[in-house]
Amino acid sequence: MAGVTLSKVVKRFGSYEIIHGASLEVADGEFVVFVGPSGCGKSTLLRMIAGLESVTEGDVSIGGRVVNDVEPAERGVAMVFQSYALYPHMTVEQNLSFGLRMTGHDKADIARRVERTAGILRIAELLKRKPRQLSGGQRQRVAIGRAIMREPQLFLFDEPLSNLDAELRVQMRVELARLHKELGVTMIYVTHDQTEAMTLADRIVVLRDGTIEQVGRPLDLYNDPDNQFVAGFVGSPKMNFIPALVVEGDGRGVTVELAGQERTTRLTQPLAGPAPEPGSRVVVGVRPEHFGDAGKGDADLLVNVDIVEHLGGTSFIYASTAGDYGLVIQRDADGVADAAEITVSIRKSYLFDENGKRLR
Ligand SMILES: Nc1ncnc2c1ncn2[C@@H]1O[C@H](COP(=O)(O)OP(=O)(O)O)[C@@H](O)[C@H]1O
Ligand SMILES: [Mg+2]
């Protein structure tokens with residue numbers, strides 16, 4: 001087993017800089033998820049840890065050893081990709097054992113590892129089948145099995161579930177969580193799917209344009225985001241952002257006026273740090289689940305109901321304001337009246353300055 005350390009890691013392709021000095025400590029046995037929009041550099045960072053991409057500047061260490069110049073095969077890592085290229089003419093057993101057979105590994109040990117891997121992934125009854133006789137989920141399990149066969153000190157996953165349908169993805173997510181528990185090995189997992197990140201990670205690393213925006217436990221990111229980007233990326237449906245102007249502020253708090261409301265709507269929040277100047281533009285962030293009944297929160301909003309999605313237990317109201325920006329409001333199904341206009345209250349909100357930095 002091994003932890004991973006990134007120290008000021010930079011990646012450039014020619015003169016184009018993709019990763020701008022990423023530093024991170026992954027503890028031994030930890031499950032860390034890199035999450036961020038497509039193109040933000042998740043795969044590049046993971047591939048540098050695997051040794052599939054060179055490190056332009058800075059250091060990558062695995063188990064306390066700098067591995068910048070260590071061959072991928074010597075790093076003790078196994079990587080699972082989105083596209084699980086199994087050998088079509090080989091059985092599951094042969095696919096699992098192929099890598100070790102090629103390096104002349106001891107036969108008895110290969111047999112032991114096949115049995116253990118099949119047990120962990122519950123594919124013992126599939127060992128004699130060919131890939132075309134397997135479902136998508138079973139194939140992906142075999143691909144993960146090939147990684148387990150190597151008994152690595154570090155697992156790297158690059159969007160391994162993206163090719164599976166929604167139901168299988170949920171099922172495999174649970175399998176991966178179980179696998180991590182069972183093996184206790186360090187895992188780094190890349191995804192653009194915030195739900196996967198929230199459900200799998202011990203800690204999430206949020207990336208944006210090659211920069212680490214925030215690192216933290218899933219609920220800490222949800223409850224206490226450092227900036228508007230993280231606030232918008234973590235949580236589903238996404239946090240609503242309402243433009244506002246600072247009316248007054250002092251050492252204790254700030255009062256803002258929400259833009260685009262039919263009536264003047266003000267909201268006061270305590271602040272530990274300095275308040276922005278009156279007249280400054282800020283953004284009020286409200287999660288869909290943080291709207292409540294009229295009169296029961298910090299500020300009431302009158303909104304037009306555009307569409308209601310009834311999901312059974314909860315409903316999502318797609319609403320618009322006089323200022324014509326959209327809001328998503330989550331309510332208990334029985335709290336949704338059939339009305340063209342409703343008043344909801346902001347029970348909890350976040351403030352961001354005009355650069356997206358959280359005001360606390
Ligand atoms: N070999 C390469 N040469 C040049 N640019 C690349 C190369 N690989 C990736 N990139 C660029 O680096 C950026 C990050 O890519 P990637 O790490 O694949 O993002 P992600 O996995 O987050 O979607 C993208 O803009 C991509 O086009
Ligand atoms: Mg990628």
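## Basis

Residues are numbered from 1 along each chain as its sequence is written, and chains are lettered from A and ligands numbered from 1 in the order in which they are written. The model is predicted, with local features needing pLDDT of at least 70, side-chain atom pairs counting only at pLDDT 80 or more, and totals for chains, interfaces and linings using all residues; side-chain values use heavy atoms, without hydrogens and water.

## Domains and their interface

Ten residues of domain 1 are in contact with eleven of domain 2 (heavy atoms within 4.5 Å). One salt bridge is counted between the domains (a side-chain nitrogen of Lys or Arg within 4 Å of a carboxyl oxygen of Asp or Glu). Asp224 and Arg358 form a salt bridge, with 2.9 Å between the closest N and O atoms. On the side of domain 1 that touches domain 2, four residues are nonpolar, four polar and two charged (nonpolar: Ala, Val, Leu, Ile, Met, Phe, Trp, Tyr, Cys and Pro; charged: Asp, Glu, Lys and Arg; polar: the others, Gly among them).

## Ligand 1

Gly39 places a polar backbone atom 2.6 Å from an oxygen atom of the ligand, and for a backbone N or O atom of Cys40 the distance to a ligand oxygen is 3.2 Å. From Thr44, a side-chain N or O atom lies 2.5 Å from an oxygen atom of ligand 1.

Conventions:
A polar contact is a pair of N or O atoms within 3.5 Å; within protein, one must be able to donate a hydrogen and the other to accept it, and residues adjacent in sequence count only if both atoms are side-chain atoms.
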